[in-house]
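This report covers helix packing and selected residues. The structure comes first, then the details.

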Amino acid sequence: MISSRLYYTAMMLFWVCYLSLLALVVTYAPQGGLELAGLALFADSGLVETALAAMTNIGLSQLAQSVVLGLLGGFSLASAGLILFAVLFCVFGREREQREARSLAEGAVVCTAAASVLISAISFAGGQAGALLVLQFSALGGLVLTLMSLSQSPIVPDNSGDDAVSDLDQVISDHAANHAAFSAQLASFAKGGGR
């Protein structure tokens, strides 16, 4: 059981990192990269150039291109967030949270599918299919496989509530037994003192 939870944790954390990096690439690569601590990240990566060329071929303005790239980055970031919460619910949650992890993973698949449809429509309409399209569809395929394996994983039922109830029953019965013994001793003392 622990090994399956570790497997799902590793697999889902990989997709969280992948989708987060995809969102950063889509957001910062068209702007010349991201300057962080003297490092230029995502500069001249070439991953979004074909998508930009497709949008230019369609006739989208710079503002429209920024909106499309923002939507792509937003969908990827939303997918990463949903997968992150799904892994937390799946690994650390109780039975109810484990069931909700599947619906969160389904939401991540829907967000990734929306991004894939958007980049597909732009790529094919503009006549330029490139790396961003491949990255987006690989994310979609990976999340679908993750969702399929997550739906086959067993849900661990909550037994801790039953243990807590049985512990409480034990405390109550011990208290009642001690109280009954004390009452019996007090009654015996009262009878003996009255003679």
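## A buried threonine

Thr112 counts as buried, at 1% relative accessibility. Buried means under 20% relative accessible area, exposed means over 50%, and partly exposed lies in between (1.4 Å probe, protein chains only). Thr112 sits in helix 4. Not counting residues up to four places away in sequence, Thr112 touches Leu19, Ser79, Gln136, Ala139, Leu140 and Leu143. Contact here means heavy atoms within 4.5 Å.

## Model and conventions

This is a predicted model, in which local features need pLDDT of at least 70 and side-chain atom pairs count only at pLDDT 80 or more, while totals for chains, interfaces and linings use all residues. Residues are numbered from 1 along each chain as its sequence is written, and side-chain values use heavy atoms, with hydrogens and water left out.

## Overall layout

The protein has six helices and two strands. Helices (H or I, at least four residues) and strands (E, at least two) are DSSP runs, numbered from the N terminus. Along the sequence the pattern is α-β-β-α-α-α-α-α.

Of the 195 residues, 32% count as buried. Take the contacts with a separation of 6 or more: residues 24 or more positions apart account for 71% of them.

## Helix 4 and its end

Helix 4 covers residues 95-126. It has 32 residues and reaches 47 Å from its first C-alpha to its last, close to the 46 Å expected at 1.5 Å a residue. The expected span is 1.5 Å times one less than the number of residues. Just after helix 4, Gly127 takes a positive phi of about 75 degrees.

Ser120 also lies in helix 4. Ser120 counts as buried, at 10% relative accessibility. Leaving aside neighbours within four places in sequence, Ser120 is in contact with Leu133 and Phe137.

## Helix 3 against helix 4

Two packed helices are described by the angle between their axes and the distance between the axes. The axes of helix 3 and helix 4 come within 8 Å and cross at roughly 165 degrees. That makes helix 3 roughly antiparallel to helix 4. Axes are lines fitted to C-alpha atoms, for helices over the stretch in contact, and angles run from 0 to 180 degrees between N-to-C directions. Angles under 35 degrees count as roughly parallel, over 145 as roughly antiparallel, 65 to 115 as roughly perpendicular and the rest as oblique.

Helix 3 passes helix 4 in a left-handed crossing. The residues of this contact divide into 21 nonpolar, four polar and two charged. Ala, Val, Leu, Ile, Met, Phe, Trp, Tyr, Cys and Pro count as nonpolar, Asp, Glu, Lys and Arg as charged, and the others, Gly among them, as polar. A crossing is left-handed if the near helix is turned anticlockwise from the far one by less than a right angle, and right-handed if clockwise.

## Helix 2 and its two partners

The axes of helix 2 (residues 49-58) and helix 3 (residues 62-92) come within 10 Å and cross at roughly 135 degrees. The two are therefore oblique to each other. The crossing of helix 2 and helix 3 is right-handed. Leu52, Met55 and Thr56 in helix 2 meet Gln65, Val68 and Leu69 in helix 3. The residues of this contact divide into four nonpolar, two polar and no charged.

Helix 2 also packs on helix 4: the axes come within 8 Å and cross at roughly 65 degrees. This crossing is left-handed. Ala51, Ala54, Met55, Asn57 and Ile58 in helix 2 meet Ile119, Ile122, Ser123, Ala125 and Gly126 in helix 4. That contact divides into seven nonpolar, three polar and no charged residues.

At 1.5 Å a residue, the 21 residues of helix 5 (residues 131-151) should span 30 Å, and the end C-alpha atoms are 30 Å apart, which agrees. Buried residues in helix 5 include Gln136, Ala139, Leu140, Gly142, Leu143 and Thr146. Met148 is found in helix 5 too. Met148 is partly exposed, with a relative accessible area of 45%. The C-alpha atoms of Met148 and Arg102, 46 residues apart along the chain, are separated by 9.5 Å.

Which residues does Trp15 contact, leaving aside its neighbours within four places in sequence? They are Ser138, Ala139, Gly142, Leu143 and Thr146. Trp15 has its place in helix 1 (residues 2-28). Trp15 counts as buried, at 11% relative accessibility. Trp15 and Leu84 are 69 residues apart in sequence and 8.9 Å apart in space, C-alpha to C-alpha.
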